[in-house]
Amino acid sequence: MAATPAALVGDTPVLWVGEPFTAAGRGFWAKLEGHNPGGIKDRTALYMVAAARERGDLRPGARIVESTSGTLGLGLALAGITFGHPVSLVTDAGLEPQLAGLLRAHGAEVHTVTTPHPRGGWQRARRERVAELLAADPDAWCPDQYHNPDNVLAYRPLAHELLAQLGRIDTLVVSVGTGGHSAGIGRVLRAFFPALRVVGVDSCASTLFGQPAGTRLMRGLGSSIHPHNVAYDMFDEVHWVAAPEAVWAARALARTRYATGGWSVGAVALVARFLARTSPAEDRIAAVFPDGPHRYLSTVFDDEYCRANQLLGAPPADDPDEITHCDQAVVTRWTRCPTVTRPRPATTVAGGFDLAGAAR
């Protein structure tokens with residue numbers, strides 16, 4: 001029983017993902033964050049808003065303004081209802097129409113930017129629009145998920161849930177976007193398991209780990225800026241996954257395990273599948289699935305969309321390509337790098353301005 005919708009967040013289940021999705025006798029545990037009302041970012045939205053209210057950064061009834069590709073928007077709509085704040089969300093033309101409608105149904109005001117920034121892509125264009133909205137409303141507050149340390153702290157309960165559910169964890173597989181849940185979960189688990197292997201999953205054409213920016217279909221992982229929350233020193237390796245490979249994995253999960261999700265889930269599952277086959281049999285692998293399939297019915301699970309974007313065809317290779325340094329070559333398909341370093345300082349400017357902790 002739950003007295004408020006916020007009480008429905010957390011205590012999500014884990015599911016064993018084995019054959020036929022994985023090799024015989026191998027598998028991994030998936031943390032199903034799609035069982036939250038809106039997905040994994042319900043956790044950080046509620047935490048960031050509560051922390052800002054406690055500090056006095058967010059005044060009672062003041063407007064919340066943020067950039068989102070979708071999932072955080074659902075979380076902020078939930079936080080707005082829970083704490084009594086109007087919510088303005090800035091998204092872009094890639095947002096699924098069904099999700100935009102759902103955000104409005106939950107009371108959020110949705111602003112859509114129509115042109116990407118020539119250097120910072122959609123994220124910088126969205127953030128510049130956020131800055132305009134903040135300047136127009138002196139009382140408005142921006143959580144700034146990219147740089148807000150509360151985005152990391154919000155995921156400590158998720159890490160403790162995994163500890164209670166699985167006991168021992170040898171490998172953690174996490175998608176990386178803002179860096180919040182990868183850092184928040186990884187730091188807690190490594191305190192318990194110093195030898196924990198943390199594997200990050202990024203999107204091809206994302207700049208997070210030193211690759212050049214490019215056009216990305218996938219939403220929810222990857223970035224065209226460098227968030228301060230990404231804990232580069234925590235990762236033991238990183239994998240980049242292309243959109244067709246993520247689609248194949250998400251659809252294969254749906255056919256074989258019923259539990260599935262969108263771009264991030266497909267990418268994470270593909271990497272976890274590989275690690276389950278190539279790691280020692282006794283290793284316990286935990287993979288975080290950030291959301292469910294529902295917002296992807298018009299993209300990942302729509303045949304017409306996938307054919308138009310050349311996302312269907314042959315399954316991915318059994319093994320990824322490998323490079324020794326993250327900027328050694330431009331990757332266009334599933335690729336692994338066992339050496340993770342922070343991108344060069346010259347590339348870490350996040351749009352020329354910082355909204356961290358902004359309350360105007």
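Ala, Val, Leu, Ile, Met, Phe, Trp, Tyr, Cys and Pro count here as nonpolar, Asp, Glu, Lys and Arg as charged, and the others, Gly among them, as polar. With that in hand, let us look at the pockets.

The model is predicted, so local features need pLDDT of at least 70 and side-chain atom pairs count only at pLDDT 80 or more, while totals for chains, interfaces and linings use all residues. Residues are numbered from 1 along each chain as its sequence is written, and side-chain values use heavy atoms, with hydrogens and water left out.

A pocket is an open set of points on a 1 Å grid over the protein atoms alone, where a 1.4 Å probe fits, with protein on both sides within 12 Å along at least five of seven lines; its lining residues have an atom within 4 Å of a point. Its volume is the space filled by probe spheres set on the points, which are joined across faces, edges and corners.

| Pocket | Volume | Lining |
|---|---|---|
| Largest | about 800 Å³ | 16 nonpolar, 21 polar and 9 charged residues |

The largest pocket has a volume of about 800 Å³. Among its 46 lining residues, S69, R216, M218, R219 and G220 are the closest to its centre. Helices (DSSP H or I runs of at least four residues) are numbered from the N terminus, and α4 provides the largest share of this lining, 4 residues.

Of its 20 lining residues, P37, G38, G39, L74 and L102 sit closest to the centre. Here α2 contributes the most, 5 residues.

How values were computed. Helix = DSSP H or I, 4+ residues; strand = E, 2+ residues; numbered from the N terminus.
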